[in-house]
Each structure stands twice: as structure tokens, then as C-alpha cells.
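Please work through the exercises below with the sequence and the model side by side. Each task is followed by a solution that goes step by step.

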Amino acid sequence: MSQLTFTVLTERGRRHVVKVAATDLVQVILNKACQKQGMDPSKYTLKSGRRMLDLNQPVRFSKLANNAKLEVAPGGTGGGAKSSHVMLQTDGGERLSHEFDASASLWDVLSHWNKQRSETGPSLLARTAPDGTPLEPVCQYTQRQFVSEATLRATTLQSLGLAGGRGAVRLSFRPAQNAAAGTAPAGPTAQTAPAAHTAPAAQQLTTQGAQAAVSAVTTQAPAAAVSAVDVPVDVPVPAAMDVEPEPVGAAQPVSTAQSGGSVPMDTSDDEPCAQLQPRPQPQP
């Protein structure tokens, strides 16, 4: 639900910040501002600049911008309203319509129809659940819910912005809060008190068991890994080869790859090469 904020200036020169929902009536703004100042909202109205506002109109349709500045003025359209037309929709789908005074509360509206229903049939407010739990009424107006008898007595039709207007209130029921609180035990019983002391011991045992399980898994993991490796057994060892030793001082053949070049040739036994003779020059 979106909220709007307004700054309301009262006739005493004080400013008040009021927050309302967009679905609320303009009357709600006036009621909250007058409640903060201790004023009677039935004697005043609201205006924006020079325009008088319709108090029975929803805020979203009043052409008021967020953070707008309003002013409380005496009299006006909402000052003389004394009655409100309320339609009550029950949880069974029935619609009850009647006109009430603006100062009447939601509890007065429910009591009016409860009195009439009690004369002709079952009571409207006396409800119980199938298991025997008493139910309490819940009134919903727009998107606001009012629960418990004290809240319904304190909420008037004028505070809802229904002074001189019309509105629909939906009625439903839910288990009473005081009944649920009465069935709950006031304190810990004799059986639940020792459980509170034994809880830390149980938690300690659980923690120790978890640590023991983790240590067991950590210890067994390396052993399982070692056992999983296949170690060969009785692997035959090759016999040593008989190699004749070479005599010391024997010439070792030098390979071309080790010398890094060509092997020199022994030319000691070759015949000497013939000497080159000069070529005779021709005579002139």
C-alpha cells in the first residue's frame, strides 16, 4: 500500500506531518492533524491553496500531490455532517445496510446488527471454532483491519472519513488472542525444566560423535589408498651380461658424431705426388 505525506498547517500556526494511504479519504488527513493539535475535526475542513477539499473523496482522486501543503480552515463541507451510511458485509455473504451517527464506533455498528439477529436467529458476534475456540470479530475497511473489541470501540466512523458519506465494511472472524494466551502454559513445567539442562549435554555428545566419525574416516582413508595400489610380487631380475674387458691403451675408435667433423685419413703409406712442371712459354 503506497503512502502519501502531507504538511498540514493548523489555525494556531503549527505544522504537522501526516501520512495516509492513497485509498484513505481526505477526512483522515483532517482527523490526524486535529488529533495531534487536540482540536475537534467536526468543526474544521481542509483546503489546498484557495480550493476547498471534499473530505469524503479518496486521496488518490483529490488531485493532491505527495508532500503537498494543506491548511485547516473552520467550517466547510465536513463540519455539519452528522450521519454515515454503512453497509456491513458478513462472512456468509450477507449485506446489511443502515445509517449511523458519525460519532458511532465500529463496535456500535456490529452491536446494532447483533441485537437484531439475536431476536430472530443466531447471534452475529458469538462465534466459536469447530474445536470450541472462541472467535473474535475483525472489521476491514479499504485495506485497513481493526481487531479486538477495544480497537473497534475506539474507531469511529468519523475517524474513518465516513462522516456524511457512504462506506462498506467487511466482517470476518479469527481465533481470539486472549483465548490462545489463556491456554498456553504460564511457565516451564516439571517435565520441561530438566530438558533445558540436558540439552547442552546432548549437544556435546552429538559434537563428540561427529568429531570421532571424522577422525575415523581420516585415519582409514590413507590405509585404503595404500591397499588399493597393486604392488608386483616376485618380479624377475635380469641376469648380468658377461662383457670382456678391453685392454688398457687400446685405440678407441672415434665416431664422427663425437668428433664433430670428418675423420683424418692416414696417408703415410701413399706414394708421393708428382711434382708439377711449369708449362713452356711459346717463342715469339
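Predicted model: local features only at pLDDT ≥ 70, side-chain atom pairs only at ≥ 80, totals over all residues.

## The sheet and its helix

Residues are numbered from 1 along each chain as its sequence is written, and side-chain values use heavy atoms, with hydrogens and water left out.

**Exercise 1.** Determine in which sense, parallel or antiparallel, β1 pairs with β2 and with β5.

*Solution.* Begin with β1 and β2, which run antiparallel and are joined by seven bridges; here Gln3 stands opposite Ala21 in β2. Then turn to β1 and β5, whose pairing is parallel and extends over four bridges, with Phe6 opposite Ala68 in β5.

**Exercise 2.** Find the bridge partner of Thr45 in β5, and state the sense in which β3 and β5 pair.

*Solution.* The partner of Thr45 in β5 is Ala73. The pairing of β3 with β5 is antiparallel, over four bridges.

**Exercise 3.** Describe helix α1 (residues 26-37) by its span, its burial and the strands against which its buried residues pack.

*Solution.* First, the span: α1 has 12 residues and reaches 17 Å from its first C-alpha to its last, close to the 16 Å expected at 1.5 Å a residue, where the expected span is 1.5 Å times one less than the number of residues. Just after α1, Gly38 takes a positive phi of about 75 degrees.

Second, the burial: nine of the 12 residues of α1 are buried, and the helix is thus mostly covered; buried means under 20% relative accessible area, with a 1.4 Å probe and protein chains only. Among these buried residues are Val28, Ile29, Leu30 and Cys34.

Third, the packing: the buried residues of α1 pack against β1 (3-9), β2 (15-21), β3 (44-48) and β5 (68-74), a contact being heavy atoms within 4.5 Å.

Methods
Helix = DSSP H or I, 4+ residues; strand = E, 2+ residues; numbered from the N terminus. Buried < 20%, exposed > 50% of the residue type's maximum accessible area, 1.4 Å probe, protein only. Pairing = 2+ DSSP bridges.
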